[in-house]
Structures are given as structure tokens and as C-alpha cells.
Amino acid sequence: MTDSYRIKRHASEWDHAARALFGGRADIAAGWRISGLLPARLEPEAQRLLPDLSGGEGLWSSAPGGDRPVSGDPPRRPRTDGNPFDRVAYLRFLAQPRNRS
């Protein structure tokens with residue numbers, strides 16, 4: 001399996017699963033550079049795979065790239081405490097025996 005094949009395979013998995021944006025490959029004096037945007041949650045995995053992909057000669061460099069809007073509906077879950085915006089419901093929640101110190 002060639003290095004470029006392994007890199008393309010991992011890049012396509014990241015791109016599909018996590019909306020990573022790869023800018024491409026550039027030939028430089030020391031070899032070549034892959035650039036792009038990768039979600040922060042995938043950075044540890046990319047760092048872990050780098051030695052295998054580069055034969056131990058890879059160098060990882062990253063910088064915060066800013067925030068991107070989240071697509072889709074925000075996650076929702078039921079409230080687990082009293083609603084402070086509803087005074088009666090909040091006081092009722094505080095009066096429950098399990099909530100006393």
C-alpha cells in the first residue's frame with residue numbers, strides 16, 4: 001500500500017465522517033505538505049496516524065482555525081433541574097427532599 005493511497009483513504013474517511021476540508025498537497029524542499037481544515041475532535045487521531053503514514057518522518061503543525069456554524073438542529077435534552085424562569089416550578093423543585101443539603 002503506497003503512502004499516497006493511505007493518506008487519501010484516511011482523508012476521505014475524515015472528509016466523509018467529520019466534514020474535514022483538505023486543501024491539497026504541495027511539494028516543498030523537504031518533501032510535501034498536506035494542508036486543510038480538520039475538526040478539533042479528530043486532531044488526536046490524525047497525530048496518532050502520522051508516524052505510520054509518513055514512515056516516522058512526518059511533522060504535525062496546527063493552529064486554531066476559528067469557529068464554524070453547526071449544521072442541523074442543536075441537541076436537546078429534558079431539563080434535570082428546576083426551571084429558574086418558572087418561579088413556581090423552581091420553588092417546587094427546591095422543596096423536594098432529594099434536593100436539600
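The protein chain has three helices and two strands, where helices (H or I, at least four residues) and strands (E, at least two) are DSSP runs, numbered from the N terminus. Read from the N terminus, the order is α-β-β-α-α. This is a predicted model: local features need pLDDT of at least 70, side-chain atom pairs count only at pLDDT 80 or more, and totals for chains, interfaces and linings use all residues. Residues are numbered from 1 along each chain as its sequence is written, and side-chain values use heavy atoms, with hydrogens and water left out.

On to the strands. R25 lies in strand β1, residues 21–28, and W32 lies in strand β2, residues 31–37. Leaving aside residues up to four places away in sequence, R25 touches W32 and R33; contact means heavy atoms within 4.5 Å. R25 and G36 are eleven residues apart in sequence, and their C-alpha atoms are 9.3 Å apart.

Next, exposure. Buried means under 20% relative accessible area, exposed over 50%, and partly exposed in between, with a 1.4 Å probe and protein chains only. R25 is exposed, because its relative accessible area is 53%. W32 is partly exposed, because its value is 39%. Of the 101 residues in the protein chain, 15% count as buried.

Last, the whole surface. The protein chain exposes about 8800 Å², by the Shrake-Rupley method with a 1.4 Å probe; for residues, only the protein chains shown count as cover. Carbon and sulfur atoms supply 53% of that area. As for contacts between residues at least 6 apart in sequence, 32% join residues at least 24 apart.
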